[in-house]
Amino acid sequence: MPDPIITLTTDFGEDSPYVAAMKGVILGLNPDARIVDLSHLIPAQDVVHAAFFLAEAIPYFPTGPIHVVVVDPGVGTPRHLLYGEIDGHRLAVPDNGVWTLLARGRSLNRVHQLTETRWWRKPVSATFHGRDILAPAAAQLSLGLDPEALGPKIDDWIKLPLALPAEHAEAVQGEVLFIDHFGNLITNIPGAALPPDGPRGVSVGGIRIQEWVRTYGDAPPGTLVALLSSSGLLEIAIVQGNAAQRFGLQRGAAVQVY
Amino acid sequence: MPDPIITLTTDFGEDSPYVAAMKGVILGLNPDARIVDLSHLIPAQDVVHAAFFLAEAIPYFPTGPIHVVVVDPGVGTPRHLLYGEIDGHRLAVPDNGVWTLLARGRSLNRVHQLTETRWWRKPVSATFHGRDILAPAAAQLSLGLDPEALGPKIDDWIKLPLALPAEHAEAVQGEVLFIDHFGNLITNIPGAALPPDGPRGVSVGGIRIQEWVRTYGDAPPGTLVALLSSSGLLEIAIVQGNAAQRFGLQRGAAVQVY
Amino acid sequence: MPDPIITLTTDFGEDSPYVAAMKGVILGLNPDARIVDLSHLIPAQDVVHAAFFLAEAIPYFPTGPIHVVVVDPGVGTPRHLLYGEIDGHRLAVPDNGVWTLLARGRSLNRVHQLTETRWWRKPVSATFHGRDILAPAAAQLSLGLDPEALGPKIDDWIKLPLALPAEHAEAVQGEVLFIDHFGNLITNIPGAALPPDGPRGVSVGGIRIQEWVRTYGDAPPGTLVALLSSSGLLEIAIVQGNAAQRFGLQRGAAVQVY
């Protein structure tokens with residue numbers, strides 16, 4: 001089914017001309033395409049960051065748009081490029097596991113390799129498949145191309161080895177999965193793993209959290225708090241501050257809930 | 001009246017998935033919405049920065065679009081969310097004074113609280129009303145919903161206590177109101193408060209400005225100059241340089257005009 | 001011919017209201033305009049950066065859109081504003097050489113000065129011609145205005161003195177022309193100046209490059225490599241790293257190919 005919306009998620013930044021080149025290629029093939037920027041500030045080559053980003057963003061969309069993702073450290077090597085549908089959401093991505101978190105608990109199917117060269121821009125650069133393969137594929141899909149035409153259907157693809165929290169009798173062990181723009185630490189521990197009234201205690205990287213709150217404004221500015229994130233995960237934040245910077249914490253920091 | 005344009009102004013950054021989630025919610029309700037990004041780099045929780053931003057941007061728009069603003073340190077607390085029309089410009093904002101400067105000297109009316117839960121996304125997160133209340137409201141308005149349906153009309157809302165300049169016999173006292181991307185210092189002193197040929201002297205944070213110019217290029221690179229900003233306010237700049245960085249000046253720095 | 005797409009390339013950043021004001025002006029004149037952001041993070045006043053950006057982005061577009069460029073250190077001085085067509089691509093720019101690289105090897109014609117004040121926003125600010133002259137011109141062009149109506153046709157304009165590489169018997173001498181978001185160094189040396197199997201050796205700023213590769217992933221992370229950029233220029237990169245930061249290299253650094 002044709003849908004004019006194509007979204008872009010990249011690590012290209014805005015100072016470089018790469019995003020603009022992709023937009024040009026898309027509009028050259030489908031002048032009626034409506035391009036929606038999701039992000040161009042995924043940290044460089046950070047597939048895990050992009051995986052969390054997609055898992056938190058794509059489910060809010062209707063199922064028509066084509067979501068193009070270019071965080072692609074393996075560009076030009078034999079890694080594949082893929083089209084797939086996750087609960088109906090249509091993505092075109094490098095086969096590096098970037099859709100792992102989005103696909104968790106959802107059905108991923110109609111996965112095709114983008115091997116059919118007739119849809120490619122020529123000559124294909126060895127370092128910019130976003131422009132030369134993914135963008136044209138998305139434009140063609142937005143015009144109604146059947147994904148079958150993109151290349152062979154496959155049923156194996158890369159999965160990122162992203163840890164799930166471990167539940168013990170006394171505690172849940174997890175880790176920081178994502179640090180957002182505010183320096184809030186989003187963990188891999190779902191709300192369902194917590195007691196209904198909130199945990200007795202939470203620690204991250206050895207630091208004890210003082211307060212369990214419903215929202216940031218429930219404690220004075222500067223307070224270190226734990227709460228449920230907007231997507232239902234355990235989150236650690238400093239009210240109107242930057243928890244990641246203040247404690248020098250990074251993705252992967254150990255989190256414990258008592 | 002339906003208008004497909006919805007603008008977004010947030011402090012979410014582009015590395016986080018929050019802007020993308022709002023775009024998804026909007027397009028899910030109104031697939032024909034045309035989303036226009038105004039900024040996602042308002043400094044975190046900086047309502048004053050956002051207030052200046054809106055005052056300098058919204059008046060240039062036609063009156064059809066819905067402008068959604070999410071700079072919302074009070075999210076989830078009892079602060080309200082509002083719809084209002086300022087000289088016909090339609091905004092959906094947290095009730096934290098963010099439209100104070102835009103409303104100055106203009107008529108703000110048809111203010112409604114967004115309390116009607118039938119328009120909300122459910123469940124409503126305690127930390128992301130942009131996605132769950134403001135975005136759906138904007139999408140419904142863009143489809144033609146009467147603002148009356150959003151919630152009760154009110155006639156009181158938060159105003160930011162933003163200083164006006166003081167005029168004395170010998171001098172005008174004001175302050176830096178905004179620091180732009182170039183490090184130019186925009187003050188709260190309107191051109192009308194200055195002598196027609198420019199002031200005899202200007203100082204900011206104790207530093208004397210050497211030259212009054214019509215535009216940056218009227219003095220050599222590196223010169224500290226005073227001039228009228230593109231919106232008619234007294235501005236202090238370094239030609240092809242960054243005045244805020246060079247002098248370590250911040251918003252609120254005292255400005256004097258002789 | 002009317003075309004609803006208007007692209008924007010500026011050095012305004014997203015924290016300032018200047019981009020938003022331009023979008024408002026455009027939509028006020030042409031509510032059906034489809035605005036496409038190319039970049040708002042061109043480094044401040046960096047006309048050379050913008051020149052490379054345009055040369056690498058605009059050719060991928062179809063020829064309908066109007067491309068507005070506001071990197072304009074000379075705003076308000078007697079420098080001109082121009083409309084021109086480069087191989088059919090339609091641009092509205094300050095006359096500061098920003099289209100020099102895009103025009104190289106292409107035909108630039110129908111160049112007009114934007115002197116016809118009836119299309120300007122009034123009053124015209126001395127510091128923001130992007131909002132008051134370029135944006136309205138682009139909106140009018142997108143509605144079908146004949147470029148002839150913008151002002152007199154001219155056939156001289158500013159060219160940036162951008163160096164071409166020098167080919168000697170033993171070596172090619174060039175320089176770094178652009179540093180991208182990843183810290184990759186794009187040089188002014190075209191692939192055609194290199195031996196078909198890659199050069200015997202490359203140095204940049206005195207540093208010898210260890211490996212010639214087809215794409216980043218052909219060498220282990222951290223390796224310093226030379227390769228062909230996605231636009232066919234000699235590029236120097238660190239695999240999954242930032243070459244510009246690691247070696248403290250800037251635009252203009254000398255490059256030698258043996």
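This is a predicted model: local features need pLDDT of at least 70, side-chain atom pairs count only at pLDDT 80 or more; totals for chains, interfaces and linings use all residues.
Trainee: Which strands of chain B does helix 1 (residues 18-29) of chain B lie across?

Mentor: Let us begin with the terms. Helices (H or I, at least four residues) and strands (E, at least two) are DSSP runs, numbered from the N terminus. Contact means heavy atoms within 4.5 Å. Axes are lines fitted to C-alpha atoms, for helices over the stretch in contact, and angles between N-to-C directions run from 0 to 180 degrees. Here, helix 1 of chain B lies across strand 1 (5-10), strand 2 and strand 3 (66-70) of chain B, and runs at about 160° to strand 1 of chain B.

Trainee: What is the strand order of the open sheet in chain B?

Mentor: Two strands pair if DSSP finds at least two bridges between them. In chain B, 6 strands form an open sheet in the order 2-1-3-5-4-6, with mixed pairing. Strand 2 (34-39) and strand 6 (108-113) of chain B are the edge strands, each pairing on one side only. On average, neighbouring strands of this sheet are turned by 20° against each other, direction ignored.

Trainee: How do strand 4 (residues 81-86) and strand 6 of chain B run, parallel or antiparallel?

Mentor: They run antiparallel and are joined by 4 bridges. Tyr83(B) has His112(B), in strand 6 of chain B, as its bridge partner.

Trainee: Across which strands does helix 4 (residues 129-142) of chain B lie?

Mentor: Helix 4 of chain B lies across strand 1, strand 3, strand 4 and strand 5 (89-94) of chain B, at about 175° to strand 3 of chain B.

Trainee: How many residues has helix 4 (residues 129-142) of chain A?

Mentor: The expected span of a helix is 1.5 Å times one less than its number of residues. Helix 4 of chain A has 14 residues and spans 18 Å from its first C-alpha to its last, close to the 20 Å expected.

Trainee: Where does helix 4 of chain A have a kink?

Mentor: The bend at a residue is the angle between axes fitted to the seven residues ending there and the seven starting there. In helix 4 of chain A, a kink of about 30° lies at Ala135(A), shortly before the proline Pro136(A). Just after this helix, Gly144(A) takes a positive phi of about 110°.

Trainee: Are the residues of helix 4 of chain A buried or exposed?

Mentor: Buried means under 20% relative accessible area, exposed over 50%, and partly exposed in between (1.4 Å probe, protein chains only). In helix 4 of chain A, 14 of the 14 residues are buried, so this helix is largely enclosed by the rest of the structure.

Trainee: By what turn can chain A be laid on chain B?

Mentor: Copies are superposed by least squares on the C-alpha atoms of residues with pLDDT of at least 70 in both. Chain A is laid on chain B by a turn of 120° and a shift of 0.0 Å along the axis, with an RMSD of 0.0 Å. The two copies are thus related as by a three-fold rotation axis. The C-alpha of Arg34(A) is the one nearest the axis in chain A, 4.8 Å from it.

Trainee: Why do chains A and C count as meeting through different surfaces?

Mentor: Only 6% of the interface residues of chain A are also interface residues in chain C, so the copies meet through different surfaces.

Key
Residues are numbered from 1 along each chain as its sequence is written. Chains are lettered from A and ligands numbered from 1 in the order in which they are written. Side-chain values use heavy atoms; hydrogens and water are left out.
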